Amino acid sequence: MSANTAALKIWKRSNSVTTFLWRSPRAFQIQRAICTSTQNRFLLGDANRVENKVASQKTDWNKTMSEAEKIVGYPTSFLSLRWLLSDEIANVALHLRKLVGSNHPILKTAKSIIYNGRNTQAFGLIVLLISKAAGHLNAQPVQEDTAAGVLHSQRALAEITEMIRTSNLIHRGLVNINTDKSLDSSQMNNMIFGNKIALLCGDYLLSNSYTELAALRNQDLVFLIASAVRDLTQAEFVSRRDNQNFPIPPVLPENRKDYALKEWTLLNVYGAGSLLGKACQGTLKLAGHSEEIQKEGYKFGEHLALAWQASLDLGLCINKDKGILHNLCAAPIMFHVAHDPSILTELDKGLESVENVDYLKVLEFVAAGPGIGLTKELVKEHSQKAMEVLSVFKENDARKALSNILIAIGDF
């Protein structure tokens with residue numbers, strides 16, 4: 001449809017009004033503006049279609065996740081509306097409006113959760129997919145969610161996992177305001193208020209996850225998920241940290257062998273791999289599978305989380321994203337530190353605040369070294385190991401969706 005034809009249709013639909021409006025010069029200007037706006041929209045749409053055609057040459061991440069959602073009937077964007085629309089969360093949303101215009105990290109966290117870009121990991125979706133891929137044994141019909149092909153307890157565990165992950169992200173948005181002496185009274189009040197919201201919202205989600213977990217009445221599962229929460233806490237004490245607790249690569253030991261890989265893996269197993277791995281292990285436990293299969297589930301979740309994180313690290317470095325300042329322990333940087341420790345001279349400037357680091361200079365060093373190539377191999381290695389675990393399960397739609405996610409993760 002041409003822009004002129006579209007504009008004509010708009011005009012015809014409102015003909016009874018426009019017959020009168022055309023009589024005045026002012027009205028003519030308004031109608032002309034409408035036509036021009038419509039034409040611009042169509043031209044912009046053509047440009048977007050060209051851009052999307054180029055982007056579609058790579059694996060479409062959003063399409064992959066959307067197709068996976070259909071298999072289990074689970075919204076990746078944010079667990080379930082059951083608690084998202086609760087009075088408590090609604091009140092938090094109202095208070096967040098007061099922070100609009102401030103620089104508090106809670107706003108960025110909230111935006112990333114709602115819009116759910118590639119950086120927000122859909123742990124709940126993965127848990128449900130592995131649940132459906134493996135199937136369940138000796139379950140009563142009343143226990144099964146027939147529409148999704150999983151147990152009600154497995155869907156509950158998926159929501160619990162997502163809540164724990166989200167609460168952790170929100171809690172990490174707390175700001176250490178005692179270190180910033182440049183804030184005026186208004187900014188200080190915003191930071192204090194934002195901290196209160198982040199703390200209370202994170203605590204609300206975490207406490208609700210504990211309540212839901214206890215309701216499943218499975219002591220072994222409670223112990224498993226509790227140990228994953230412990231690991232999330234441990235992650236905050238790995239590596240050196242600036243005054244806002246952002247990680248900085250540790251000083252090189254005398255023996256550099258496997259230094260980068262060990263430090264990066266430790267940080268990210270604690271930070272994400274443990275939670276996803278133990279959630280996958282737990283959902284197979286609920287389904288009545290053997291301990292051997294449960295261990296395979298843990299391996300799958302851990303390797304998928306590590307492949308995902310390595311891919312995200314790679315994207316930050318290749319795209320020269322300023323967000324790398326909050327993740328200076330990204331895999332390419334860690335590999336370069338092991339290759340050329342002189343880069344620590346620049347990285348050590350971030351001991352007070354990572355904002356003091358010239359991230360473009362750091363990324364130039366990394367681009368000239370082996371870090372990018374080694375990280376690509378790391379993504380490939382963990383993706384392959386996760387693929388190998390999938391071979392344990394029978395061929396079905398859920399297994400295919402998990403395979404497609406692993407392919408999309410490696411499509412950098």
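## Overall make-up

The chain folds into 18 helices and 4 strands. Keep in mind that this is a predicted model. Of its 412 residues, 47% count as buried.

What about the reach of the contacts along the sequence? Taking contacts between residues at least 6 apart, 75% of them join residues at least 24 apart.

## The nonpolar cores

If you're looking for the largest nonpolar core, it has 90 residues. Which residues have the most contacts inside it? They are I126, L129, F300 and I333.

F300 is a handy one to click on. Leaving aside residues up to four places away in sequence, F300 touches I126, I130, C280, A386, V389, L390, L402 and L406. One of these partners, I126, is itself on the list of residues with the most contacts inside the core. Apart from this core there's another, made of 5 residues, including A198, C201, Y204 and L205.

## Helix α10

Helix α10 covers residues 185–215. How does its end-to-end distance fit its 31 residues? At 1.5 Å a residue the helix should span 45 Å, and its end C-alpha atoms sit 45 Å apart, so the two agree.

After the helix comes R217, which has a positive phi, near 55°.

## Where α4 meets α18

Now for a helix pair: α4 takes in residues 61–72 and α18 takes in residues 397–409. They pack at an angle of about 160°, with their axes 10 Å apart. Angles over 145 degrees count as roughly antiparallel, so that is how α4 runs relative to α18. The crossing of α4 past α18 is left-handed.

Which residues make the contact between them? On the α4 side they are W61, T64, M65, A68 and I71. Across from them, α18 brings D397, A398, A401, N404, I405, A408 and I409. Two other residues within the 397–409 stretch of α18, L402 and L406, turn up among the contacts of F300.

## A367 in α16

Last stop is A367, which lies in helix α16, residues 359–368. Is A367 buried or exposed? It's exposed, because its relative accessible area is 58% and the cut-off for exposed is over 50%.

A367 and P332 are 35 residues apart along the chain, and their C-alpha atoms are separated by 8.7 Å.

Terms used:
Residues numbered from 1 in each chain as written. Predicted model: local features only at pLDDT ≥ 70, side-chain atom pairs only at ≥ 80, totals over all residues. Heavy atoms only, no water. Core = buried A, V, L, I, M, F, W, Y, C linked by side-chain atoms within 4.5 Å. Buried < 20%, exposed > 50% of the residue type's maximum accessible area, 1.4 Å probe, protein only. Contact = heavy atoms within 4.5 Å. Expected span 1.5 Å × (residues − 1). Axes fitted to C-alpha atoms, helices over the stretch in contact; angles between N-to-C directions. Parallel < 35°, antiparallel > 145°, perpendicular 65-115°, else oblique. Left-handed = near helix turned anticlockwise from the far one by under 90°.
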